[in-house]
Amino acid sequence: MIYHPTNTESMMFRNEVAMKKFSDDGIPTKRSPLEVSESSDVVITMLPSSAHVLDVYSGRNGLLGNGGRLGPWLYIDSSTVDPHTSRKISMDMSRCSLNEKKGYAEKPMMMDAPVSGGVPAAEAGTLTFMVGGLEETYIAAKPLLLAMGKKLIYCGGAGNGSAAKLCNNMAMAISMLGVSEAFALGQNLGIKASTLTDIFNCSSARCWSSDTYNPVPGVMAGVPSSRNYDGGFTSKLMAKDLDLAMASASGVGFKCPMGSEALEIYRKLCDEGCEFKDFSCAFGHFYTGKDEK
């Protein structure tokens, strides 16, 4: 069952192109989140922002409508949002009830379960899920999650999956910028990026940004840097996730100097027209690194 919103502030607008594509493929579509909820046993959402999640779940014609009496026994939100949003939706869910008992579930269950692995892992069914919520909900949902991913990590209570995802993406951004900076410095010092890659990948600098998602064009095939930074995880999304991480850090009085600097770099990249380029474009567009010949 599909409901596909546009990336707008209000979920009252549907992405009709996406809806038609699914409909043409024989997949049932609905005109509102509430209609999806009324026709489903399990609902999985993956939305662009906290505002979208709040609107789809608690807004007009949202998933939690119908007077709080719900059909689905399980709701999984795989959006990358701040922990406060995940906890609010979980709290709203706790005040709802099931239309009828399903299996051992006496009340509707909610999990925040953002993912890691990107488009390639989604297509291959090898995503990693970072799960927050009641442990009994996690155990009940494991077979469903394992149909979409290969690794599940239970992070604790509601919102902890979202917190883990923000920490992961902040570390990923900082790592990508550090590797890109080192490659660009190496080029300026006369060392080829492919040589540094060989060194990094058998030394203490080895990381995902060097051995799996190398940012230097010409060093690695099949990654965004090999196709003009098209596809992949956009700089705009990275800036959004870093902004969420910094807001969450501020909310608990924790300072993240490296995360804050990373956010400023990705904001600058977006302002300069790279918002839809993969976030590894920092190598070429911020550090002015060169393609490998």
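Leaving aside neighbours within four places in sequence, S210 is in contact (heavy atoms within 4.5 Å) with T197, F200, N201, A205 and M220. S210 lies in helix α9, residues 208-211. Helices here are DSSP runs of H or I with at least four residues, strands are runs of E with at least two, and both are numbered from the N terminus. At 0% relative accessibility, S210 counts as buried. Buried means under 20% relative accessible area, exposed means over 50%, and partly exposed lies in between, with a 1.4 Å probe and protein chains only.

## About the model

This is a predicted model, in which local features need pLDDT of at least 70 and side-chain atom pairs count only at pLDDT 80 or more, while totals for chains, interfaces and linings use all residues. Residues are numbered from 1 along each chain as its sequence is written, and side-chain values use heavy atoms, with hydrogens and water left out.

The protein chain is assigned domain 1 (16-157) and domain 2 (163-286). Such bounds come from an automatic or database domain assignment. The C-alpha centres of the two domains lie 29 Å apart. Domain 1 brings 11 residues to the contact, and domain 2 brings nine residues.

The size of an interface is often given as the accessible area lost when the parts come together. Between domain 1 and domain 2, the buried area is about 810 Å². That is the accessible area (1.4 Å probe) that two parts lose on being put together, summed over both. Carbon and sulfur atoms give 64% of it. On the domain 1 side, T80, P83 and M130 lose the most area to domain 2. Together they make up 50% of what that side buries.

S162 is found in helix α7, which covers residues 160-188. S162 is buried, because its relative accessible area is 1%. Neighbours within four places in sequence aside, S162 is in contact with V81, D82, P83, S86, D112 and P114.

## Nonpolar cores

In soluble globular proteins, nonpolar side chains tend to be buried together. A nonpolar core is a set of buried Ala, Val, Leu, Ile, Met, Phe, Trp, Tyr and Cys residues joined through side-chain atoms within 4.5 Å. The largest one has 36 residues. Its members that touch the most others are L177, F183, M238, L242, Y266, L269 and F279. Five helices each supply at least two residues: α7, α8 (193-200), α10 (235-251), α11 (257-274) and α12 (282-285). Helix α7 gives the largest share, nine residues.

L269 also has contacts away from its own stretch of sequence. Leaving aside neighbours within four places, they are S235, C274, E275, C281, A282, H285 and F286. A second, separate core has 17 residues, including W73, L74, Y138 and A141.

## A parallel strand pair

Strand β1 spans residues 42-45. V43 and T45 form its covered face, whereas V42 and I44 form the uncovered one. β1 runs parallel to strand β3 (residues 74-77), and four bridges join them. Two strands pair if DSSP finds at least two bridges between them. T45 stands opposite D77 in β3.

## Salt bridges

Side chains of opposite charge can pair when their charged atoms come close. A salt bridge is a side-chain nitrogen of Lys or Arg within 4 Å of a carboxyl oxygen of Asp or Glu. By this rule the count comes to 10. Across the interface of domain 1 and domain 2, the rule finds zero.

K88, D92 and R95 are linked in a network of salt bridges. K88 pairs with D92, their closest N and O atoms being 3.0 Å apart. These two are four residues apart in helix α4 (residues 83-94), so about one helical turn separates them. D92 also meets R95, at 2.7 Å from N to O. What is the relative accessible area of D92? D92 has 13%, so it is buried. K88 is partly exposed at 37%, and R95 is exposed at 60%.

R267 forms another salt bridge with D243, with the closest N and O atoms 3.1 Å apart. R267 lies in helix α11 and D243 in helix α10, so the pair ties together parts that are 24 residues apart in sequence. R267 is partly exposed, with a relative accessible area of 35%. D243 is partly exposed too, at 37%.
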